[in-house]
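Please keep the model open while reading.

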Amino acid sequence: MSAAAPDRTAVRPVRPGPPILEVQGLTMRFGGLTAVSKVSFAAGSGQITALIGPNGAGKTTLFNCVTGFYRPSDGIIRLHKPGVPPTELQRLPGHRIARAGVARTFQNIRLFPGMTALENLLIAQHGPLMAATGWGIGAVLGLSRYPAAERLAIERAKRWLTATNLMERADDPAGALPYGQQRRLEIARAMCTEPALLCLDEPAAGLNPRESDELARLLLDIREEGTSILLIEHDMGVVMRISDRVVVLDHGVLIADGTPAEVRGNAKVIAAYLGEDEEEVAAP
Amino acid sequence: MSAAALAPPRPAGRVQLALKDALIATAVAAILFVPMVALRTDVGTAGALALRYRWTDAAILCGLVFLGRLLLVLWTGRRGLQPTTSAGPWTRRLQQAGRFAAPAFLIVALLLPVIPGVDRYELDLGILVLTYVMLGWGLNIVVGLAGLLDLGYVAFYAVGAYSYALLAQYFGLSFWVCLPLAGILAAFWGILLGFPVLRLRGDYLAIVTLAFGEIIRVVLLNWVSLTGGPNGISGIPRPSFFGLSFSMSGGEGTFAGFFGLEPSSVHRVIFLYYLILALALLTNWVTIRLRRQPLGRAWEALREDEIACRALGINVTTTKLSAFALGAMFGGFAGAFFATRQAFISPESFTFIESAIILAIVVLGGLGSQIGVAIAALVLIGGTELFRDLQEWRMLVFGGAMVLIMVLRPRGLVGTRTPSIALGKRRAIDGNLVGEGHG
């Protein structure tokens with residue numbers, strides 16, 4: 001990531017190098033309400049892109065469009081995974097998005113609470129494991145290469161359990177873990193799908209400062225391994241410290257896009273966050 | 001919470017509390033028993049309805065409630081009996097013994113026909129219980145693992161039974177050819193039902209599956225030219241043992257003749273017993289194997305959180321369909337067996353109450369627990385037979401037992417979940433954490 005260091009101080013709003021995710025003119029309407037309006041931005045490959053904005057700015061809506069939970073009313077979301085032709089995510093059915101290389105976590109944690117941490121991570125590898133079982137039939141009869149595939153899957157799960165510092169909780173049910181560990185397990189689970197882009201919806205929410213620091217380190221490690229990250233976050237400390245680039249939404253419109261330093265000094269962003277001149281902006 | 005539970009109060013206060021509690025319980029019992037037990041209508045001599053009073057019976061029942069409640073409260077304190085889903089002392093013991101309990105059950109089941117004193121009646125009862133064990137295990141895939149509430153499971157049982165009966169009647173196919181066909185046809189209907197109902201969840205799914213079960217029954221009832229309608233289909237051929245029939249003649253080509261045995265009608269019963277035992281064990285084996293594999297884990301994940309499944313790239317539609325189809329297939333096998341055992345089937349055997357009983361077996365046994373379902377089937381089906389001497393009181397015992405289990409163990413006899421894989425030792429997971437599914 002030697003390229004990232006000069007990037008951080010760069011002033012140009014658009015970075016060199018191919019983006020991993022390209023969002024063009026994305027619009028999402030719910031009946032008469034336009035939650036996201038003609039938003040365009042790109043998330044750089046091998047970078048951490050933060051999506052911030054006040055409550056109700058449309059961050060999670062945009063997120064749900066990218067991860068296939070909403071079908072956008074208009075616009076294009078293109079994933080540029082290295083080595084494969086670009087994929088238009090808005091055309092794929094929900095479960096294909098993960099297979100295309102986009103993994104996500106949820107604002108309110110969605111683990112499988114009655115299953116162990118290890119089982120959670122194995123379910124994340126359902127696709128390759130299922131293929132190894134000959135779609136279920138071969139494995140019942142014991143006629144497949146499933147045992148080898150499962151060993152491989154367990155190795156990968158162990159690697160992420162170690163990375164998220166959860167190894168000794170591997171056999172505990174996910175629902176019995178403390179909050180901070182559940183957050184980390186959800187990230188580990190998303191990483192087990194081997195994504196090109198990891199989307200995190202408020203990963204630091206509810207964490208104490210020490211846990212936030214650990215999270216920041218974990219995200220930087222994930223970036224080092226080559227996975228790009230798109231995150232929604234309210235904890236500005238985390239955002240400013242680890243992001244390569246910050247995209248700001250307000251009332252469903254993109255109001256700023258640049259490095260953390262640029263965004264911090266942006267008058268519109270300050271106005272949106274502090275509510276300055278809200279009346280004047282809303283008046284026309 | 002009363003003070004009685006927090007600290008042991010003075011003995012007088014405790015007795016007083018217990019008395020008060022027992023009196024309230026008796027009052028509730030009286031409200032229930034006076035109209036239901038004390039007043040009874042009989043057909044009188046002139047054919048008119050006559051009211052008969054049974055005050056003694058009602059009084060005895062109220063007295064039993066009073067005594068029972070009094071002793072219970074005195075013994076354990078008011079909050080002594082708490083509902084729990086976690087492993088109680090006896091479940092832990094059962095789980096420890098589980099390593100031996102399941103094989104012990106299996107050995108008893110295998111040796112049942114040769115145990116002295118086991119007669120035709122016991123074997124018939126064994127066949128009946130095993131049929132419900134198999135149906136329970138089949139439905140357990142859909143309800144227990146995938147978390148899809150299916151109230152019309154009996155439809156697949158009916159499809160299996162009628163598949164065999166009709167194929168045998170119109171095409172003269174043998175049981176062994178029809179058994180897989182019945183399973184395949186039932187699975188096909190499972191998929192057919194699955195497609196439209198997949199977008200439904202929870203209560204709505206339950207209603208549609210209930211309707212499906214009724215539709216199948218009503219079609220069977222009214223399509224007289226094909227199914228014989230309410231008259232059913234009789235003379236369904238019996239299965240053969242590798243081509244040897246169980247005819248009583250004892251000649252060449254019969255089971256008794258080939259093995260040089262005295263012709264006896266028990267041979268066929270024993271054969272049918274082992275047949276349903278094998279089918280039930282097949283269901284169990286497939287379920288246990290699948291549970292440790294991606295498909296089974298995906299079913300359980302679906303029960304836990306469907307949205308998370310989608311985010312992880314699991315195709316929710318095909319996963320649900322596979323659960324529906326597999327559950328239906330085992331229902332179909334059981335149906336074909338039912339047809340060949342009875343040699344006569346009619347739509348009357350496939351009413352909603354059958355679905356309800358099978359579901360009750362799965363729920364009482366504990367969603368997703370194989371041994372729990374087997375025990376529940378044994379208790380529910382075997383138990384009702386055992387209490388046959390109690391006549392009209394049988395249902396009261398039966399209902400009371402069900403209420404008791406559900407009050408004390410809301411997640412069934414085995415309310416815990418065993419992980420499908422572990423790095424170290426497998427520890428049972430508390431039922432509170434395990435999802436019940438939302439359809």
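**Domains**

Chain A splits into domain 1 (1–101 + 196–284) and domain 2 (113–194); domain bounds come from an automatic or database domain assignment. This is a predicted model: local features need pLDDT of at least 70, side-chain atom pairs count only at pLDDT 80 or more, and totals for chains, interfaces and linings use all residues. Residues are numbered from 1 along each chain as its sequence is written, with chains lettered from A and ligands numbered from 1 in the order in which they are written.

**Domain contacts in chain A**

- Eleven residues of domain 1 of chain A are in contact with ten residues of domain 2 of chain A (contact: C-beta atoms, placed from the backbone, within 7 Å).
- On the domain 1 side, α3 (94–100), β7 (197–201) and α9 (209–224) of chain A each give two or more residues (helices are DSSP runs of H or I, at least four residues; strands are E runs, at least two; both numbered from the N terminus).
- The largest share of that side, four residues, comes from α9(A).

**Sheet in chain A**

- Six strands form an open sheet in the order β6-β7-β8-β3-β9-β10 (chain A), with mixed pairing (strands pair if DSSP finds at least two bridges between them).
- β6 (102–104) and β10 (253–258) of chain A are at the edges with a single partner strand each, so one side of each has no neighbour in the sheet.
- β7(A) pairs with β8 (residues 228–232) of chain A in the parallel sense, over five bridges.
- A:Cys199 has A:Leu230 in β8(A) as its bridge partner.

**Chain B**

- Chain B has domain 1 (3–76) and domain 2 (89–237 + 280–408).
- The C-alpha centres of these two domains of chain B lie 37 Å apart.

How values were computed:
Two residues are in contact if their C-beta atoms, placed from the backbone, lie within 7 Å.
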